[in-house]
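Colleague: I have this model open and I'm new to it. Could you walk me through how to read its features?

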Amino acid sequence: MRLTARPRALLAAAGLMLAFGLTPPAAADTLTPLSPAVPMPAFKIPGISGTSGSDADLRNKVTIIRFWASW
């Protein structure tokens, strides 16, 4: 049986929902509590334009730090 694009997409979406979305939640007795928050270590990093940034500039702000390597 050959599926057209629409039924194939619906079948794929249903498969993803079953795989990721409809899994039962973890039981409360299997969850482990998080450890207390640890402060971020102080750092200073050079910027592209010659300026520098530090952890003090980011204090009380939501920050995403992406590490990238080319190896």
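Colleague: Which residues make the nonpolar surface patch?

Modeller: Patches are built from residues with over 30% relative accessible area and no salt bridge; like charges are joined within 9 Å, and nonpolar side chains (Val, Leu, Ile, Met, Phe, Trp, Tyr) within 5 Å. Here Met40, Ile65 and Phe67 make a nonpolar patch of about 360 Å². The areas come from the Shrake-Rupley method with a 1.4 Å probe, and for residues only the protein chains shown count as cover. Do keep in mind that this is a predicted model, where local features need pLDDT of at least 70 and side-chain atom pairs count only at pLDDT 80 or more, while totals for chains, interfaces and linings use all residues. Residues are numbered from 1 along each chain as its sequence is written, and side-chain values use heavy atoms, with hydrogens and water left out.

Colleague: Is isoleucine 65 buried, partly exposed or exposed?

Modeller: Buried means under 20% relative accessible area, exposed means over 50%, and partly exposed is in between (1.4 Å probe, protein chains only). Isoleucine 65 has 46%, so it counts as partly exposed. Its place is in the segment after α2.

Colleague: What pattern does the protein chain follow along the sequence?

Modeller: Helices (H or I, at least four residues) and strands (E, at least two) are DSSP runs, numbered from the N terminus. This chain has two helices and two strands, in the order α-β-β-α.

Colleague: Where is confidence lowest, and where is it highest?

Modeller: pLDDT is the predictor's confidence in each residue, from 0 to 100. Helix α1 (residues 5-21) has the lowest mean, 76, and strand β2 (residues 52-54) the highest, 87. For the whole chain the mean is 77, with 80% of residues reaching 70 or more.

Colleague: How many salt bridges does a search of the whole structure find?

Modeller: A salt bridge is a side-chain nitrogen of Lys or Arg within 4 Å of a carboxyl oxygen of Asp or Glu. The search of the whole structure turns up one. It joins arginine 59 and aspartate 55, whose closest N and O atoms are 3.0 Å apart. Arginine 59 is partly exposed, since its relative accessible area is 45%, whereas aspartate 55 is buried because its value is 9%.

Colleague: Where is the place of aspartate 55, and what is it in contact with?

Modeller: Aspartate 55 sits in helix α2 (residues 55-58). Contact means heavy atoms within 4.5 Å. Setting aside neighbours within four places in sequence, aspartate 55 is in contact with Met40, Pro41, Ala42 and Phe43. Proline 41 belongs to the loop between α1 and β1 (44-46), and its C-alpha atom is 8.1 Å from that of aspartate 55, although the two are 14 residues apart along the chain. Proline 41 counts as exposed because its relative accessibility is 62%.

Colleague: What about serine 54: buried or exposed?

Modeller: Serine 54, in strand β2, has a relative accessible area of 17%, so it is buried. Not counting residues up to four places away in sequence, serine 54 touches Phe43 and Lys44. Across the 71 residues of the chain, buried ones make up 3%.

Colleague: Which residue has a positive phi although it is not a glycine?

Modeller: That's asparagine 60, with a phi of about 65°. Asparagine 60 lies in the segment after α2 and counts as exposed because its relative accessibility is 80%.
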